[in-house]
Structures are given as structure tokens and as C-alpha cells.
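Here are a few notes to go with the model, written for a first look. Keep the structure open beside you while you read.

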Amino acid sequence: MPLHPAIVHLPIGGALLGLPLAVAVLVMVVRGAPRRTWLLAALIQGLGFGGSLASLNTGEAMEELVEDEVPEPQIEAHEEHAQRFAAGLGLSAALMFAAALVPARWQRGAEAAAVAAAGLALGRA
């Protein structure tokens with residue numbers, strides 16, 4: 001049984017959780033929670049990013065199985081979409097991580113970028 005159809009759901013779940021989690025963490029930090037709370041969001045988004053890399057890898061393997069049934073342009077478009085999605089998840093995880101660690105003067109900008117990137121990742125799902 002091909003592994004790709006099962007693995008693709010992990011990054012989609014990460015993207016679905018990423019934006020509400022980023023907003024919740026932002027609210028918590030604004031209300032006084034430690035900035036390191038962003039590390040939890042970064043970890044969850046990072047798991048989604050790891051899942052997207054696994055999906056890309058298993059998708060490459062599955063390409064051999066479907067290339068006789070699916071036109072090449074559709075396969076390429078699917079792969080390019082998956083790459084953009086993975087990049088969005090990776091960017092989001094990195095910015096969430098940065099929001100926990102940047103100097104205080106850049107904190108709000110980093111947090112806003114993290115929330116925006118989580119929205120971007122969700123939009124790419």
C-alpha cells in the first residue's frame with residue numbers, strides 16, 4: 001500500500017492548527033505569558049513542516065506508480081504546489097521560533113510575521 005496518501009494529512013493538519021495556535025500564543029504573550037511560549041507553536045508547525053518533507057519524499061516514490069495514469073503536467077503542478085506548501089510551513093515554523101528568541105525591540109514584529117506566515121501556510125494547504 002502506498003504511504004504517500006497517509007502521510008500528506010500530517011502537514012495539512014499542521015497548517016490547520018498553525019494559524020489558530022499562532023493567534024492564541026500571540027494573545028497569551030501579550031497578556032504576560034513568557035515569550036518562550038512561541039516554542040510550542042514552532043514545534044507543532046515544525047512537525048507539519050517535517051511531514052511536508054516526508055510527503056514530498058513519498059510523492060517522488062509514488063510518481064513512478066502513477067505516471068502512466070496521470071498526465072505529467074498534473075504531476076508537476078502537484079509537486080510544485082507541495083513544495084510551496086512546505087516552504088510556507090517551514091517559514092512559519094522558523095518565524096515562530098524567532099518570535100521566542102529575537103531581542104525585545106523586534107518581538108512584536110516577529111510575532112506579527114509569525115502569525116502572517118501561519119496564515120500563508122494555511123492558504124497554501
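Which helix do Glu111 and Arg108 both lie in, and how many residues apart are they?

1. Keep in mind that this is a predicted model. As for the question, look at helix H5, residues 107-124: Glu111 and Arg108 both sit there, 3 residues apart, or about one turn of the helix.

2. Now check the side chains of that pair. Glu111 and Arg108 meet in a salt bridge, with 2.6 Å from N to O.

3. Glu111 has a relative accessibility of 0%, so it counts as buried. Arg108 has a relative accessible area of 45%, which means it is partly exposed.

4. Next, hop over to Ser55, which you'll find in helix H3, residues 38-66. Is Ser55 buried or exposed? Its relative accessible area is 8%, so Ser55 is buried. Buried here means under 20%.

5. So who is Ser55 touching? If you skip the neighbours within four places in sequence, Ser55 is in contact with His4, Ile7, Val8 and Pro11.

6. Last stop: Ala104, in the loop between helix H4 (72-101) and H5. Ala104 is exposed because its relative accessible area is 58%, and exposed means over 50%.

Terms used:
Residues numbered from 1 in each chain as written. Predicted model: local features only at pLDDT ≥ 70, side-chain atom pairs only at ≥ 80, totals over all residues. Heavy atoms only, no water. Helix = DSSP H or I, 4+ residues; strand = E, 2+ residues; numbered from the N terminus. Buried < 20%, exposed > 50% of the residue type's maximum accessible area, 1.4 Å probe, protein only. Contact = heavy atoms within 4.5 Å. Salt bridge = Lys/Arg side-chain N within 4 Å of Asp/Glu carboxyl O.
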